[in-house]
Amino acid sequence: MKPSENAAGKDAENRDERFMRRALDLAPGGLARVEPNPMVGAVVVRGDRVVGEGFHARFGGPHAEAVALAQAGTKARGAELFVTLEPCCHHGKTPPCTDAILAAGIRRVVAAVGDPFPEVRGRGFAILKQAGLEVEVGVLETEARRLNAAYFKRQATGLPLVIAKWAMTLDGRLATASGESRWISSEAARRRVHELRRIVDAVLVGARTARIDEPRLTVRHVEPLAERGQPARVILDAALSLEPDREPVRSAAEVPVLIYTTDDGLRSEAERADALRCAGAVLVAAPKAAGGISPEAILRDLGARGMSRVLVEGGARIFGSFFSAGLVDRVLVFVSPRILGSAGAWGPGAGPGFAEATPGAPGLTLAEAVAVQDATFSQAGPDLVIEGRVGEF
């Protein structure tokens, strides 16, 4: 290949990436408003100029391609379409995007990634190619997959994306030895947590955390999204020990509460179960696992209920069970610049699978430690904020 040809190829690649980045920048406009659908952005380009753009703004509303094509109007004829996900080709809440693309006279479609949804999965691309359009797939694919990690995970596994969030001291303590944890993190950090709560479907804690802290687990420091309202509150309570007149169950009539317990818990605490149901809580029997209830069974049930993102807020035993089962996808950690120095206080890795090391059971080696990838660091008030990805999604 001649140097000039190689340069031309690179220029074309950079051009495609430039317009795809614009589409990726637009897509998050639908964050938490389009679920369980994916976030999608689209850009119509004529020559080297954007003539139309848009994103999927709400569940049931026009798709990104339709919005961008409508904005472009007649300028779409002979133009290119850059879209972050394979165009749909089936009748759902809206007509097929492939029909709109063909009707608009688009000549080339550049997509970041294919859609794993069974009714699309390659068919959208095939229809466009059969109609004579040039189709290119894979431009900024990694970024597109990260953007819609919750969607891709649910399509692949049926499970929602799991975000583990905790606040700890500089020496790694979630609370004092007596269980006191209010407030390890700053008000600025707590606001960040509430910003995250407003875009998840559920906030999950263990029964011990619920009993000691009586957390409301609602969005408060910021306004909830009108399209979503409050996230569901999920409590893991194998022995069914929660009280119906204490939070979060006390407000179950206003904000949903799901309590996962066991058949044994329901049998031995039948009267309490009736009282919890009368308070508005939904009780679900789940399979047992080491130290309590199967976290995978819980996530599978939440996924079947249409949930895309679950925020796990503790405590230590819950983190231990989810991490040891390999079910955590993202972490959000707030590190307070304080040293507690309490040997009796747990860190976030306690509990099943992450028990305290002993001479006979030394625990994980450094090679076996859970790795956090793509870590970013920021600050919320005086607290260090660490965010990162664990595993495939």
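Let me start with one residue. Y151 has a relative accessibility of 9%, so Y151 counts as buried. The cut-off for buried is under 20%. One caution before I go on: this is a predicted model.

Is F152 buried or exposed? F152 is buried, because its relative accessible area is 7%, and buried means under 20%.

These two rings belong together. Across the whole structure, a search finds 4 aromatic pairs. Y151 and F152 form one of them, and the pair is edge-to-face. The ring centres are 5.9 Å apart, and the planes make an angle of 75 degrees. Why edge-to-face? Because planes over 60 degrees apart count that way, and here the angle is 75 degrees.

There is also a ring cluster. Which residues does it hold? Ring pairs link W166, F319 and F323.

Rings also meet charges here. R145 lies over the face of F152, at 4.9 Å from the ring centre. So keep F152 in mind: it pairs with Y151, and it has R145 over its face. A second case is R18, which lies over the face of F19. There the distance to the ring centre is 4.6 Å.

Stay with R145 for a moment. Its side chain meets that of E141 in a salt bridge, at 3.0 Å from N to O. Both residues lie in helix α5, which covers residues 141-147. They are 4 residues apart, about one turn of the helix. How accessible are they? R145 is partly exposed, at 35% relative accessible area. E141 is partly exposed too, with a value of 30%.

Other salt bridges share partners. These join R15, D16, R18, D48, E80, R107, R108, E134 and E136 into one network.

How many salt bridges does the structure hold? The count is 32. Let me show you two that reach across the sequence.

Take R22 and E53. Their closest N and O atoms are 2.7 Å apart. R22 lies in helix α1, residues 3-26, and E53 lies in strand β2, residues 49-55, so the bridge ties together parts that are 31 residues apart in sequence. R22 is partly exposed, at 33% relative accessible area. E53 is partly exposed as well, at 22%.

Next, R228 and E35. Their side chains meet in a salt bridge at 3.9 Å, N to O. R228 sits in the loop between α8 and β8, while E35 sits in the loop between α1 and β1, so this pair ties together parts that are 193 residues apart in sequence. R228 is partly exposed, with a relative accessible area of 21%. E35 counts as buried, at 14% relative accessibility.

The largest cavity has a volume of about 50 Å³.

What lines the largest cavity? The lining is E35, P36, N37, P38, M39, N148, A150, Y151, S308 and R309. By type, that lining divides into 5 nonpolar, 3 polar and 2 charged residues.

And that brings us back to the start. Y151, the buried residue I opened with, is among the residues lining the largest cavity. Thank you.

Terms used: Residues are numbered from 1 along each chain as its sequence is written. This is a predicted model: local features need pLDDT of at least 70, side-chain atom pairs count only at pLDDT 80 or more; totals for chains, interfaces and linings use all residues. Side-chain values use heavy atoms; hydrogens and water are left out. Rings of Phe, Tyr and Trp (its six-membered ring) pair if their centres lie within 6.5 Å; planes under 30 degrees apart count as stacked, over 60 as edge-to-face and the rest as tilted. Buried means under 20% relative accessible area, exposed over 50%, partly exposed in between (1.4 Å probe, protein chains only). A charge sits over a ring if NZ of Lys or CZ of Arg is within 6 Å of the ring centre and within 35 degrees of the ring normal. A salt bridge is a side-chain nitrogen of Lys or Arg within 4 Å of a carboxyl oxygen of Asp or Glu. Helices (H or I, at least four residues) and strands (E, at least two) are DSSP runs, numbered from the N terminus. On a 1 Å grid over the protein atoms alone, a cavity is a set of points where a 1.4 Å probe fits but cannot get out, and a pocket is an open set with protein on both sides within 12 Å along at least five of seven lines; lining residues have an atom within 4 Å of a point. Grid points are joined across faces, edges and corners, and a volume is the space filled by probe spheres set on the points. Ala, Val, Leu, Ile, Met, Phe, Trp, Tyr, Cys and Pro count as nonpolar, Asp, Glu, Lys and Arg as charged, and the others, Gly among them, as polar.
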